[in-house]
Amino acid sequence: MSAPQVPAQPTRLPAPEPGWSDTTDVVVVGSGIAGLTTALQLRQTGLHVTVVTKVNIDDGSTRWAQGGIAAVLDPHDSPEAHAADTVKAGVGLCDPAAVDALVTEGPDRVRELIRFGAEFDRNPDGSLMLTREGGHTANRIVHAGGDATGAEVQRALHAAVRRDPWIRLIEHALVVDLLQADDHRVCGLTLHVLGEGTPDGVGAVYARAVVLATGGMGQVYQVTTNPSVSTGDGVAVALRAGATVTDLEFLQFHPTALFLPGGTGQQPLVSEALRGEGALLVDDDGKRFMVGQHELAELAPRDVVAKAINRVMRADDVDHVWLDARHLGSALESRFPTIVASCRAAGIDPVKDLIPVAPAAHYASGGVRTDLRGRTDVAGLYACGEVACTGVHGANRLASNSLLEGLVFARRIATDIAADLPPQPSPAARGGPGAVVDARVRADLQKAMTNGAGVLRSEQSLREVAATLTRLGASRATPDTTTWETSNLVTVATAMTAAAYARQETRGCHWREDFADAADHWRGHLLTRLDPHGTLRITFEEMRS
Ligand SMILES: Cc1cc2nc3c(=O)[nH]c(=O)nc-3n(C[C@H](O)[C@H](O)[C@H](O)COP(=O)(O)OP(=O)(O)OC[C@H]3O[C@@H](n4cnc5c(N)ncnc54)[C@H](O)[C@@H]3O)c2cc1C
């Protein structure tokens, strides 16, 4: 497989010996929609669950979701239509069985979320209000508080989890690595807790199964819609445990994040629901540029819109384009209060002004490879939500399918765990090379990834990124929460760069300047593994159907 020279990665992160331990049936890592729904579903099977989460319970991407959750809830819509839209966005790489599970089980999972306490926007007759987003051919997006869907979902799940005394929640808990038995079965994890009392410091949680629900990796880039916890930890942890990750090159850039001069890190999203309601993309001359690019114009799939915006930015030598929502008038404030508030905080009034927008790293379509039951290829290890690659999204995710994926696969994982939970295995001594990277390299890593492995990539740019990562990865430091996290960023960035280099075509959200078109012989997945010596190995697997 064609690959640039990428540096070896640690097969474990150095950490002090655990000073405390805890035992549970299942430990869930992460407290977004995927983690909390998995915990609630596991409780329905009677198991004891511990949820560990890096900062506060509400700090993942889930609470930032604006648009909503896609599900077939209108009698005029159909699972077949939802599947067709999903597969079209995925450009030949979706797993039909995973998509089928998503679209057929999705409506029941949304109803269940309502039973867990989530309140969605409704029409005067009490029916759910459904809207449309980019790439969807029917109105099938449920939303809450106008554009505050994620906040409502997180609120409801948080409350449901707090009501259950059999779910133990440990906040400020950064998972470092997995514990594995002699036969490699996962039997718990090591973590660092910033506690006032116990637990505190490095500890171990022993469990009969572990579910990674650690979300995305947007922080690998300079500008992202993702919060600060989205550093790809789950992918790095899974690689170090010997699991396969896949489709890492398909990192979706949201076409319209609010552009703030000099802004880095998490930036406010300007949801495509705004375009769904009629907002138009225009260049510096006020001219629409999506017409003629795609039959859905401003509502084309995200990669098409992001690429078109990039082309305009390059042609006009500008750092953003504009979104014109002025004609929506006062409806803007009632339907999109979050966007209006973000704009006004930046001195922009979308009722009167054009909104400056530019693409930002948004969603990882790839991740830890799972089967239809959420199992990874390491026994006892599951992955759910954005950290997972279930095969639903293929080369590009359809808008509002990710919250739904978390709901659908959380239930599948809980069912599988309850049906097949072994006695607690004993952990084996851990070996292999391990070192942590200096946290001060983070900004340089993000800059290199944005410049060379961002919306636009080429063999040359990816070689440059690989060289920079080699240099940055060589800086050494003492283990702590910042250096563990930075080491994860380096591992994830390196694996992404190697996959983006290997895939010599343009498909979905992977855009190679030197290979302008999709190629039939690339219809398949790049599988990445970390071997026991710390070398990343990439293989290609053709699509079976
Ligand atoms: C601005 C924005 C808008 C979006 N809008 C939509 C939308 O409208 N519809 C839609 O379907 N999707 C949307 N998405 C995507 C969607 O929100 C995410 O894909 C989804 O919320 C991911 O849920 P999750 O539970 O997998 O991860 P998250 O909600 O990100 O949760 C991950 C959790 O893992 C924890 N964690 C991470 N690393 C560690 C570690 N080492 N140790 C312990 N804990 C760890 C984090 O602290 C966090 O609690 C949006 C995303 C963003 C950023």
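Here, buried means under 20% relative accessible area, exposed over 50%, and partly exposed in between. The views below show a predicted model.

**View 1. Helix α12 and its buried face.** In helix α12, the buried residues are Ser 461, Leu 462, Val 465, Ala 466, Thr 468, Leu 469, Leu 472 and Gly 473. Seen down the axis of α12, these buried residues fall within an arc of 165°, so they line one face of the helix. An α-helix has 3.6 residues a turn, so residues three or four places apart point the same way. The cover over the buried residues of α12 includes α11 (442-452) and α13 (481-502). Helix α12 comprises 15 residues, 459-473, and at 1.5 Å a residue should span 21 Å; the 21 Å between its end C-alpha atoms agrees with this.

**View 2. Helix α13, one of the elements covering α12.** Of the 22 residues of α13, 20 are buried, and the helix is thus described as mostly covered. At 1.5 Å a residue, α13 should span 32 Å, and the separation of its end C-alpha atoms, 32 Å, agrees.

**View 3. The crossing of helices α1 and α4.** Helix α1 (residues 33-43) and helix α4 (residues 149-163) have axes that come within 10 Å and cross at roughly 35°. The crossing of α1 past α4 is left-handed. From α1, the contact is made by Ile 33, Leu 36, Thr 37 and Leu 40, and from α4 by Val 153, Gln 154, Leu 157, His 158, Ala 160 and Val 161. Sorted by class, the residues in this contact of α1 with α4 are seven nonpolar, three polar and no charged.

**View 4. The crossing of helices α1 and α10.** The axes of α1 and α10 come within 8 Å, with a crossing angle of roughly 35°. Here α1 passes α10 in a right-handed crossing. On α1, the residues in contact are Ile 33, Ala 34, Thr 37, Thr 38, Gln 41 and Leu 42. They meet Leu 403, Gly 406, Leu 407, Ala 410, Arg 411, Ile 413, Ala 414 and Ile 417 in α10. By class, the contact of α1 with α10 has nine nonpolar, four polar and one charged residues.

View 5. With a relative accessible area of 7%, under the 20% limit, Ser 400 is buried.

**View 6. Asp 317 in the loop between α7 and β17.** The loop that holds Asp 317 runs between α7 (302-316) and β17 (321-324). Asp 317 has a phi near 55°, again a positive value in a residue other than glycine. Its relative accessibility is 71%, over the 50% limit, so Asp 317 counts as exposed.

**View 7. Arg 529 and its contacts.** Arg 529 is found in strand β22 (residues 524-530). Its relative accessible area is 34%, and Arg 529 is therefore partly exposed. Leaving aside residues up to four places away in sequence, Arg 529 touches Leu 239, Ala 243, Thr 244, Asp 377, Thr 535, Leu 536, Arg 537 and Thr 539. Thr 539 lies ten residues from Arg 529 along the chain, and the C-alpha atoms of these two residues are separated by 8.7 Å.

Notes
Residues are numbered from 1 along each chain as its sequence is written. This is a predicted model: local features need pLDDT of at least 70, side-chain atom pairs count only at pLDDT 80 or more; totals for chains, interfaces and linings use all residues. Side-chain values use heavy atoms; hydrogens and water are left out. Helices (H or I, at least four residues) and strands (E, at least two) are DSSP runs, numbered from the N terminus. The expected span of a helix is 1.5 Å times one less than its number of residues. Buried means under 20% relative accessible area, exposed over 50%, partly exposed in between (1.4 Å probe, protein chains only). The arc is that of the directions from the helix axis to the C-beta atoms. Contact means heavy atoms within 4.5 Å. Axes are lines fitted to C-alpha atoms, for helices over the stretch in contact, and angles run from 0 to 180 degrees between N-to-C directions. A crossing is left-handed if the near helix is turned anticlockwise from the far one by less than a right angle, and right-handed if clockwise. Ala, Val, Leu, Ile, Met, Phe, Trp, Tyr, Cys and Pro count as nonpolar, Asp, Glu, Lys and Arg as charged, and the others, Gly among them, as polar.
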